[in-house]
Amino acid sequence: MVHGLGLIAELQQRLAVTGYVADGPVATALVLMQKLGRPLLLEGDAGVGKTAVASALAQVLDTRLMRLQCYEGLDVSSAVYEWNYPHQLLSIRLQEQSGRDESLGEAEIFSERFLLRRPLLDAISQSQAPVLLIDEVDRADEEFEAFLLEVLSDFQVSIPELGTIRAVSRPHVILTSNGTRDLSDALRRRCLYHYLNYPSVAQEIQIIRTRIPDLDLSLARQIVGFVQLLRGGDLRKRPGVAETLDWTAALMALGVDSVKDDLDTVMSSLSCLLKTREDLSGTDRATVKRLLGAVSL
Amino acid sequence: MIPGDPAPQQPRHLSAAVRVSHFVRHLREAGFRLGVGETLDALHWLEQGDVTDVNLVRNSMAALFCRNRDEWGRFPMLFDQFWLPGHEPPLAAENTPKADPRMGGTVRAAGAFAGLGHSVDKDLSDSEETEGAALGGAGRNAALTHSDFRFLTDARAAEQMLRLSEQLARNLRKRLQRRYARSANGSRIHFRRTLRRSLAVEGLALNLIRQRPRRRLPRLLLLLDVSHSMAQYSRLLARFTRGLVQTLPDTEAFVFHTELHRVTEIFRESDLETLRLRLEGMTQLWFGGTRIAESLKALNEGYGAQVIGGRTIVMIMSDGFDTDAPQELAEELSRIRRRSRRVLWMNPMAGRAGYQPDAAGLAPALAHVDRMLPAHSVDSLAALADELTGF
C-alpha cells in the first residue's frame, strides 16, 4: 500500500514538472480530494494561483480541464444544459414536409440529439474523469449555489424531459472563491478547504525560476524581494504571482540584469505590477527607491 | 500500520478513532461545526496515510475540518494544543492567513464593528444545523427578523441577522431591475417580438428574441452615523451598507461622527475582516459627540454635486442625537434635498414604541426629509425596498 506521504511527495514532484510549485498543505489537500472524492474549495486573494492549481492538476492527471466561470445571474441553462430549440423546430418542420407518416415522437424531440451540454453536464458525462473548475463561485447567486450543492453531492443531473443523467465518472471538482459574499455553510461542509496565501520568498523564487528557466538567480531574488515588499504596503490591488511573472518577463525583454540600480526601468515597468490608478500614483519614485534599497542583496 | 503485524494494530486503530473523535470535540468547543461525517472521513484517510508524520496529519485535518479563513487561521494552534501539548508555538507560518499588513497586526477589538465579519466570538455550544438559513425571514427566523437588533445577544442569531441584512441589500438590486430590455443573450424570451419576427417564416418561432433586466438603478448616497449612541446598530447598518455598495454600482457611502469620511472604497473591500479593521482604524481616532449638521455641511461643501444629483436617493442612518443646533441641521438638509431626488432618514430609534422625534430636537430637520423610517431590525430594513422601487 502506498502511504499518504509517498502519494503527496509524488504529486508534488509531478506538479513541479508542469510548472506548478505546490507546498505540502496544497498537495495534501489535492491527494485527499482524490482519495475521498470530495470537492476542494480554494480561497485566497486574487493572483495567488487558485486557478493554476486546477490546470496543473489536469495536466498531472492527463485529463481535460473544464471550467465554469460563475457570474451574477448564471442559470441552469448556461451552466448545465439547454434544449436546442431552433434545431428541434427545424427538424419537426422537415419531417412534416418530407411527408412521411412517422412524425417525430416526443421522445425523439427531447433526446440527446437536441441537448446542448453546458460545462456541468459535460463534466459528468466524460468517460475519463476531468478536472472541473468552478471559478469564483461566490459570484453566482444563492439559488445557483443550492443547485450546485445537489450536483456535487449526487453527481447526477435531472432533466425533466429526459430523466436523470448519472455521472459516467466523478470529476475532480475545484471551487474557487474570492470572498465577494459568504458561501453557505452547506456548500462549505461538502468541500475540503484550503486557504492559499501569497508564496514565501523562497517559494516565489522557485516559481518564477520554474516558469522562466533562463532567469538569473540574483535577479530573481531582487525581483521577488521587491514584489514581496510592495505587497506589504498599503495597496488596493496587491500584485499576485501572475504579476511577478509578467514583470519578470518584461524585465527580461528589456535586457535588465539587475534592478537594484535601475530606478528608471523599474518605474517605467511598474504598471506590470500595479493595476489601479491609485496604486500607481501612490507609489512614487521615493517609495520605489526606498523599497529597492530595502531589498537584501 | 506494519504489514504482517496485525495483532497490535487493532487496539491502536481503536484508540486512534477515540483520539480523533476527542479532537473533533476539541474543535467543536472552539466553534468549529463538525459532524460525524468529518470524523469518519478523517479516520478513513488516516487508516491509509502515514500517521507518524505530524505535518501530513495536520495538513489533511486542516483540509477536512476547516470551513473558512478564520478557522484556517486558528487550526494549527488548536491542532498543536491537542496533539502536541507543550509545543504550541511552531506554527507553519506559511499557511496561516497573515494579519492584514495595512492595519499592522491582528486585532480582535471589541469596537463598534467587532463581529462585522465572520469572526464573531463563537460561543455556539449547540451543534444544531443552520444549513440553508432562509433568506426571506421564513420559519423560525421570523421572530428574529423583527426583533430589535440591540436585544440580540446570541452570537449566532446576531450573525445570521447580519447576513440577512446584507442579503437584503443584494436582493434589492434584483427587485429594482424588474423591468426588462431586449438583449441578445438574455435569459427570458421576449414574446411579443418573437411572435412578430416569426411572421416572416409562417409563424414558426425560429428566432427567439431574448430580454434581460434593464440596467437603470438608483444612485444611492449612504450616510452612516458611527457615533457612540449608534454602537448597538452600527454592525447591522454597516453590513447593510456593504451589501448596497457592492451591488449597486453608483452608490457612495460616508461615515460620520464628529467629521465626515468617504468610505465607499472601504466598503468595496471583499474580505469582511479587512473591512472591519479598516473601518475601525478610521473611526477609533474620533472622540466626542455627534455633529450631524457639521458633517452634512462638509458633505455639501466638500463633495456637493459630485455625489448628489437629480437621480440620487440620500439615506441618512442616524438616531438624530446631534450636538449641533437643530436649525443648522435643517438648513444643510434642505440643501441636500433640493439637489437630490429623495431624502430618507433611517432611524433605529423610530422602531421603539412611543418614540417622538420632536423630543430629540429633530422636528425642524424633519421638514426637509421625505420619510423617516425605522431601522432597528432586519424587517424594517426590508421595508426600505418599497421606498426605493419606482424610482
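1. In chain B of this predicted model, six strands make up an open sheet whose order is β6-β5-β4-β7-β8-β9, with mixed pairing; two strands count as paired if DSSP finds at least two bridges between them. Strands here are DSSP runs of E with at least two residues, and helices are runs of H or I with at least four residues, both numbered from the N terminus. The edges are taken by β6 (260-262) and β9 (371-374) of chain B; each has a single partner strand, so one side of each lacks a neighbour in the sheet. From one strand to the next the twist averages 20°, angles running from 0 to 180 degrees between N-to-C directions, with axes as lines fitted to C-alpha atoms, for helices over the stretch in contact.

2. Within that sheet, 6 bridges link strand β4 (residues 219-225) of chain B to strand β7 (residues 312-317) of chain B in the parallel sense. B:L223 is placed opposite B:I316 in β7(B). Helix α8 (residues 231-247) of chain B packs on the sheet and touches β4, β5 (252-256) and β7 of chain B, its direction making about 160° with that of β4(B). Helix α14(B) also packs on the sheet, where it touches β7, β8 (342-347) and β9 of chain B; the angle between its direction and that of β9(B) is about 155°. Contact means that the C-beta atoms of two residues, placed from the backbone, lie within 7 Å.

3. Helix α14 (residues 378-388) of chain B also packs with helix α6 (residues 155-176) of chain B, at an angle of about 15° and with the axes 10 Å apart. That angle makes α6(B) roughly parallel to α14(B); the classes are roughly parallel under 35 degrees, roughly antiparallel over 145, roughly perpendicular from 65 to 115, and oblique for the rest. The crossing of α6(B) past α14(B) is right-handed, the term for a near helix turned clockwise from the far one by less than a right angle, left-handed being anticlockwise. Residues making the contact include B:L164, B:L168 and B:L172 of α6(B), and B:L381, B:A382 and B:A385 of α14(B).

4. Among the residues in contact are B:A42, B:W45 and B:L46 of α2(B), and B:V57, B:M61 and B:L64 of α3(B).

5. Overall, chain B has 14 helices and 9 strands. Of its 391 residues, 35% count as buried, that is, with 20 or more other C-beta atoms within 10 Å of their own; 12 or fewer is exposed and in between is partly exposed, with C-beta atoms placed from the backbone. Among contacts in chain B with a separation of 6 or more, 73% join residues 24 or more positions apart.

6. Where pLDDT is low, predicted coordinates should not be read in detail. The model scores are ipTM 0.79 and pTM 0.63.

7. Chain A has an open sheet of 5 strands in the order β2-β5-β8-β1-β9, with parallel pairing. Its edge strands are β2 and β9 (192-195) of chain A, each pairing on one side only. Helix α3 (residues 50-61) of chain A packs on this sheet, touching β1 (40-43), β2, β5 and β8 of chain A, and its direction makes about 170° with that of β5(A).

8. In strand β5 (residues 131-135) of chain A, 4 of the 5 residues are buried, so the strand is largely enclosed by the rest of the structure. Strand β2 (residues 65-69) of chain A runs parallel to β5(A) and is joined to it by 5 bridges, with A:L68 partnered by A:I134. β5(A) also pairs in the parallel sense with strand β8 (residues 172-177) of chain A over 4 bridges, where A:L132 has A:V173 as its bridge partner.

9. Residues are numbered from 1 along each chain as its sequence is written, and chains are lettered from A and ligands numbered from 1 in the order in which they are written. As this is a predicted model, local features need pLDDT of at least 70 and side-chain atom pairs count only at pLDDT 80 or more, while totals for chains, interfaces and linings use all residues.
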